[in-house]
Amino acid sequence: MSERLFSYGTLRDAAIQRRLFGRLIAGVPDAVMGYRLAKITIADPDSSSGRAEHLIIDPTGDLEDIVEGHVLEVMAEDLRIADVYETDVYKRVRAPLRSGRGECWVYVRA
């Protein structure tokens with residue numbers, strides 16, 4: 001069964017998708033509502049993105065606040081892989097999509 005995972009950062013990167021999931025995952029443009037984009041520094045020297053600065057989103061509770069990105073159709077195993085990839089700075093939650101296609105999983109500030 002497939003799941004929807006919203007990506008606004010490194011999970012959209014083709015090289016990271018290949019390394020994590022063993023394939024490219026096409027995304028459909030959309031946005032999550034009730035969040036604001038920010039930047040953080042990842043102190044993990046084993047960060048597989050190779051980047052020190054990453055994007056993160058914070059909940060605002062205001063549905064007028066939106067973060068643009070892509071909805072990726074993934075399998076349950078892909079979610080488990082992504083959970084390991086994301087550091088403990090992130091947690092996975094459900095968020096509403098601006099398109100009206102329901103909710104999706106998204107990584108937000110823990």
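Contact is taken here as heavy atoms within 4.5 Å. The structure is a predicted model, in which local features need pLDDT of at least 70 and side-chain atom pairs count only at pLDDT 80 or more, whereas totals for chains, interfaces and linings use all residues. Residues are numbered from 1 along each chain as its sequence is written, and side-chain values use heavy atoms, with hydrogens and water left out.

With residues up to four places away in sequence not counted, tyrosine 8 touches Leu37, Leu55, Ile56, Ile57, Val67, Glu68, Gly69, Tyr90, Val106, Tyr107 and Val108. Tyr8 is also one of the residues that touch the most other members of the largest nonpolar core, together with Phe6, Leu11, Val32 and Ile57. This core has 27 residues; a nonpolar core is a set of buried Ala, Val, Leu, Ile, Met, Phe, Trp, Tyr and Cys residues joined through side-chain atoms within 4.5 Å. Buried denotes under 20% relative accessible area, exposed over 50%, and partly exposed in between (1.4 Å probe, protein chains only). Two or more residues of the core come from each of β1 (2–7), α1, β3 (35–41), β4 (53–59), β5 (66–75), α2, β6 (90–96) and β7 (103–109). Helices (H or I, at least four residues) and strands (E, at least two) are DSSP runs, numbered from the N terminus.

Helices α1 (residues 14–21) and α2 (residues 76–85) pack at an angle of about 110 degrees, their axes being 10 Å apart. The two helices are therefore roughly perpendicular, a class that covers 65 to 115 degrees (under 35, roughly parallel; over 145, roughly antiparallel; the rest, oblique). Axes are lines fitted to C-alpha atoms, for helices over the stretch in contact, and angles run from 0 to 180 degrees between N-to-C directions. On the α1 side, Ile16, Leu20 and Phe21 meet Asp78, Ile81, Ala82 and Tyr85 of α2. The residues of this contact comprise 6 nonpolar, no polar and 1 charged.

Glutamine 17, also in helix α1, is buried, with a relative accessible area of 2%. Beyond four places in sequence, Gln17 touches Leu11, Arg12, Gly22, Arg23, Leu24, Ile25 and Leu72.

Arginine 4 belongs to strand β1 and is partly exposed, at 22% relative accessibility. Its contacts, again without residues up to four places away, include Val71, Leu72, Glu73, Arg101 and Trp105.

Glycine 100, in the loop between β6 and β7, is exposed at 63% relative accessibility.

Conventions. Nonpolar A, V, L, I, M, F, W, Y, C, P; charged D, E, K, R; others polar.
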